Amino acid sequence: MTNVQHTRGTPAIIKKQGNKTLLITWEDGHVSPYSFRYLRQNCPCAGCIDEWTSAKTLNPGSIPLDLEGLKVEPVGGYGLSFSFSDQHATGIYHFDYLREICPCELCRKR
Ligand SMILES: [Zn+2]
Ligand SMILES: [Zn+2]
């Protein structure tokens, strides 16, 4: 068995910009501007994603427009966890996942 790691980099700078935006600058210089609402909508926890089908069980429209990020915490050197203003805080966002869902124009075009 080979355990290939598809790591597309680790964040060099993680910066909360106010309560609505999280900016991640990756080691390769790429900058990802996430809104906390977007992060919440893409929460990877078992309550928001069906573990068997990986389908989203969360209705993205149910997330309040004014959702804020209260806390950003590192998880074991491989990811981040967020506390959102709707009391949700169970998702662990791997760096790879965060990079994958990067909402910038360049990544959206792919
Ligand atoms: Zn969740
Ligand atoms: Zn991007």
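Is Cys102 buried or exposed? Cys102 counts as buried because its relative accessibility is 0%; buried means under 20% relative accessible area, exposed over 50%, and partly exposed in between, with a 1.4 Å probe and protein chains only.

1. Ground rules. This is a predicted model, in which local features need pLDDT of at least 70 and side-chain atom pairs count only at pLDDT 80 or more, while totals for chains, interfaces and linings use all residues. Residues are numbered from 1 along each chain as its sequence is written, chains are lettered from A and ligands numbered from 1 in the order in which they are written, and side-chain values use heavy atoms, with hydrogens and water left out.

2. Donors here are N, O and S atoms within 2.8 Å of the metal (3.2 Å for Na, K and Ca); water is not among the atoms, so sites may look incomplete. Cys107 counts as buried because its relative accessibility is 10%.

3. The label for four donors requires all angles to lie between 85 and 135 degrees; four count as square planar and six as octahedral if opposite donors are over 155 degrees apart and all others between 65 and 115, and anything else is irregular. For reference, the ideal angle for four tetrahedral donors is 109.5 degrees.

4. The site of ligand 1. The protein donors of this zinc ion are Cys43 (SG), Cys45 (SG), Cys48 (SG) and His88 (NE2), lying 2.1 to 2.3 Å away. The site is tetrahedral because the four donor atoms subtend angles of 102 to 115°. The spacing of these donors reads C-x1-C-x2-C-x39-H. Cys48 is buried, given its relative accessible area of 2%, and His88 counts as buried at 16% relative accessibility.

5. Overall fold. The chain has three helices and six strands, in the order β-β-β-α-β-β-β-α-α. Helices (H or I, at least four residues) and strands (E, at least two) are DSSP runs numbered from the N terminus. For 110 residues, a compact globule would have a radius of gyration near 13 Å, so the 14 Å of this chain agrees; the radius is taken over C-alpha atoms, and the rule is 2.2 Å times the number of residues to the power 0.38. The C-alpha trace spans about 40 × 35 × 30 Å along its principal axes, and 35% of the residues count as buried.

6. The nonpolar core. The largest nonpolar core has 23 residues, and Leu22, Tyr34, Leu39, Phe82 and Leu98 have the most contacts inside it. Such a core is a set of buried Ala, Val, Leu, Ile, Met, Phe, Trp, Tyr and Cys residues joined through side-chain atoms within 4.5 Å. Strand E2 (21–26), H1, E5 and H2 each give two or more residues to this core.

7. A closer look at Leu98. Leu98 lies in helix H2 and is buried, with a relative accessible area of 0%. Leaving aside neighbours within four places in sequence, Leu98 is in contact (heavy atoms within 4.5 Å) with Ile24, Trp26, Tyr34, Leu39, Leu80, Phe82 and Tyr93. Asp96 is also found in H2 (residues 95–100), but is partly exposed, at 27% relative accessible area.

8. Two backbone angles to check. Most residues other than glycine have a negative phi. Ser54 is not a glycine, yet has a positive phi of about 65°; Ser54 lies in the loop between H1 and E4 and is exposed, with a relative accessible area of 55%. Gln87 has a positive phi near 75°, sits in the loop between E5 and E6 and counts as exposed at 70% relative accessibility.
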